[in-house]
Amino acid sequence: MKRVVAAFLLLSTAVALAVWSGITYQSKMGGLEKQLEDLVICAQNGSDDEIKSQTEKLTAEWKSSSELLHSLVVHEGMDDLEETITSLPLLLEHSTKEEFIKACIEAINLIENLTESERLNIGNIL
């Protein structure tokens, strides 16, 4: 009987950890995606100071979340996303707004692809 209880506790712990990591991952990635979407709108309509401020907020959020996200998902797409997000301040400073916006959209696409690939569904399991 003790073995059954121990097995059930281990299974419950594994399921709870998997659910927690999935919710955390989706939440963090959703927040980053929203910030990037807002940054694109700001880059199209806002002042240079507003764009710089939002870019700094985004990169700070990435720095605080990246370690956790990398531990939850081992995927080369995360490295691509990190490279794109961390390059945004330099693009803002040394490139055109169009190139900056293009990089933001690329990051949004990477987030959408990573989020979809980590979603629990039959297509991802098979």
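1. Buried means under 20% relative accessible area, exposed over 50%, and partly exposed in between, with a 1.4 Å probe and protein chains only. By that cut-off, the buried residues of H4 are Phe100, Ile101, Ala103, Cys104, Ala107, Ile108, Leu110, Ile111, Leu114 and Thr115. An α-helix has 3.6 residues a turn, so residues three or four places apart point the same way.

2. Basis of the numbers. The model is predicted: local features need pLDDT of at least 70, side-chain atom pairs count only at pLDDT 80 or more, and totals for chains, interfaces and linings use all residues. Residues are numbered from 1 along each chain as its sequence is written, and side-chain values use heavy atoms, with hydrogens and water left out.

3. Overall make-up. The protein has 5 helices and 0 strands. Read from the N terminus, the order is α-α-α-α-α. Helices (H or I, at least four residues) and strands (E, at least two) are DSSP runs, numbered from the N terminus.

4. Overall shape. The C-alpha atoms fill a box of roughly 65 × 30 × 20 Å along the principal axes.

5. Surface and burial. Accessible surface comes to about 8400 Å², and 58% of this belongs to carbon and sulfur atoms. The areas come from the Shrake-Rupley method with a 1.4 Å probe; for residues, only the protein chains shown count as cover. Of the 126 residues, 29% are buried.

6. Contacts along the chain. Contact means heavy atoms within 4.5 Å. Among contacts with a separation of 6 or more, 68% join residues 24 or more positions apart.

7. Helix H1. This helix has 44 residues and reaches 64 Å from its first C-alpha to its last, close to the 64 Å expected at 1.5 Å a residue. The expected span is 1.5 Å times one less than the number of residues. Its buried residues include Thr24, Tyr25, Met29, Glu33 and Leu36. They pack against H2, H3 and H4.

8. Helix H4. Its 22 residues span 32 Å, close to the 32 Å expected. Cover for its buried residues includes H1, H2 and H3.

9. The core. A nonpolar core is a set of buried Ala, Val, Leu, Ile, Met, Phe, Trp, Tyr and Cys residues joined through side-chain atoms within 4.5 Å. The largest one holds 26 residues, and Met29, Leu36, Met78, Leu81 and Leu88 have the most contacts inside it. Helices H1 (2-45), H2 (48-72), H3 (76-94) and H4 (97-118) each give two or more residues. H4 gives the most, with 9. Beyond four places in sequence, Leu36 touches Leu58, Leu88, Cys104, Ala107, Ile108 and Ile111.

10. Leu114. This residue of H4 counts as buried because its relative accessibility is 3%. Leaving aside neighbours within four places in sequence, Leu114 is in contact with Tyr25, Met29, His75, Gly77, Met78 and Leu81. Leu114 and Trp62 are 52 residues apart in sequence and 15 Å apart in space, C-alpha to C-alpha.

11. Thr24. This residue lies in H1. At 15% relative accessibility, Thr24 is also buried. A polar atom of its side chain lies 2.8 Å from the backbone oxygen of Trp20. Not counting residues up to four places away, Thr24 touches Leu68 and Leu72.

Definitions and conventions:
Polar contact = N/O pair within 3.5 Å; in protein donor to acceptor, adjacent residues only side chain to side chain.
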